[in-house]
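Try each task before you read its solution.

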Amino acid sequence: MKDTLKHRGMRNKLVEVLSAKGIQDKAVLDAVKTVPRHLFLDSGFEDHAYQDKAFPIGAEQTISQPYTVAFQTELLKIKPNDKILEIGTGSGYQTAILLHLRAKLYTIERQKELFKKTKLFFNKMNYRPKKVIFGDGYKGLPEEAPFDGIIVTAGAPMVPKPLMSQLKIGGRLVIPVGEDEQVMTLFIRKSEKEFEKQELGAFRFVPLLENKN
Ligand code: SAH
């Protein structure tokens, strides 16, 4: 597994594609330019890594499309040292992008095999989230709340209440909401009780699943 000049060239092209599609945040584009997305796919699929497409990563899950990752990350407006919760670790690519922006990151995955595989991969790559958790993202992470930002990377049939309540005042929740197709939704917490809501276009995600007990 290595990162070469060729891969870097392909990332520069991908960044051009994402800017043309409307991503403006320099720090986000810089993260895409830096994180070696091909290493998050099983080897043999590296030709797919720098196309702006989602891709299967096993266990019926996908690595999100680069545009979607950049779009959601931009909406979080991360400052260095912000405390961020990610629901749906998956391949860890979104995690790595958030770490590049110097977030203090907590990430939750409910699929055991993916959780194990991605956790090992983080160690190997020296990516250092604060915690990689095997658990149910619907519950959030009450023991570490409140968060400056929460990002959900699977389609939620409805907005889980715990995620709203675990946001700081001023904090941002970015969540795709819907069943077959999702509307990217941004909630900004204005006060203990008030949230501003923005709906930002249609996307398609694998579903946020409820844990069977
Ligand atoms: N950010 C990831 C996206 C992976 S797809 C990437 O780019 O690779 C969404 C992930 O959410 C899947 O890995 C899926 O297993 C996970 N997921 C689904 N429901 C969940 C839940 N209730 N809690 C935590 N993770 C969940």
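**Exercise 1. Find what share of the chain's residues count as buried, and decide whether the chain agrees with a compact globule.**

Solution. Keep in mind that this is a predicted model. Begin with burial: of the chain's 213 residues, 52% count as buried. Next, take the radius of gyration. A compact globule of 213 residues would have one near 17 Å, and the chain has 16 Å, so the two agree. For the extents, the C-alpha trace spans about 50 × 40 × 35 Å along its principal axes. Finally, look at the contacts with a separation of 6 or more: 51% of them join residues 24 or more positions apart. As for secondary structure, the chain has six helices and nine strands.

**Exercise 2. Describe how helices α3 and α4 cross, and say which residues make the contact.**

Solution. Two packed helices are described by the angle between their axes and the distance between the axes. Here α3 covers residues 66–76 and α4 covers residues 93–100; their axes come within 11 Å and cross at roughly 40 degrees. Angles under 35 degrees would count as roughly parallel and 65 to 115 as roughly perpendicular, so α3 is oblique to α4. The crossing of the pair is right-handed. Now list the residues: α3 contributes V69, Q72, T73 and L76, while α4 contributes Y93, Q94, I97 and L98.

**Exercise 3. Work out whether α4 is mostly covered or mostly open.**

Solution. Take buried to mean under 20% relative accessible area. By that cut-off, seven of the eight residues of α4 are buried, so the helix is mostly covered. The buried ones are Y93, Q94, T95, A96, I97, L98 and L99. Among them are Y93, Q94, I97 and L98, which also take part in the contact with α3. After α4 comes R102, with a positive phi near 65 degrees.

Methods. Residues are numbered from 1 along each chain as its sequence is written. This is a predicted model: local features need pLDDT of at least 70, side-chain atom pairs count only at pLDDT 80 or more; totals for chains, interfaces and linings use all residues. Side-chain values use heavy atoms; hydrogens and water are left out. Axes are lines fitted to C-alpha atoms, for helices over the stretch in contact, and angles run from 0 to 180 degrees between N-to-C directions. Helices (H or I, at least four residues) and strands (E, at least two) are DSSP runs, numbered from the N terminus. Angles under 35 degrees count as roughly parallel, over 145 as roughly antiparallel, 65 to 115 as roughly perpendicular and the rest as oblique. A crossing is left-handed if the near helix is turned anticlockwise from the far one by less than a right angle, and right-handed if clockwise. Contact means heavy atoms within 4.5 Å. The radius of gyration is taken over C-alpha atoms; the globule rule is 2.2 Å times the number of residues to the power 0.38. Buried means under 20% relative accessible area, exposed over 50%, partly exposed in between (1.4 Å probe, protein chains only).
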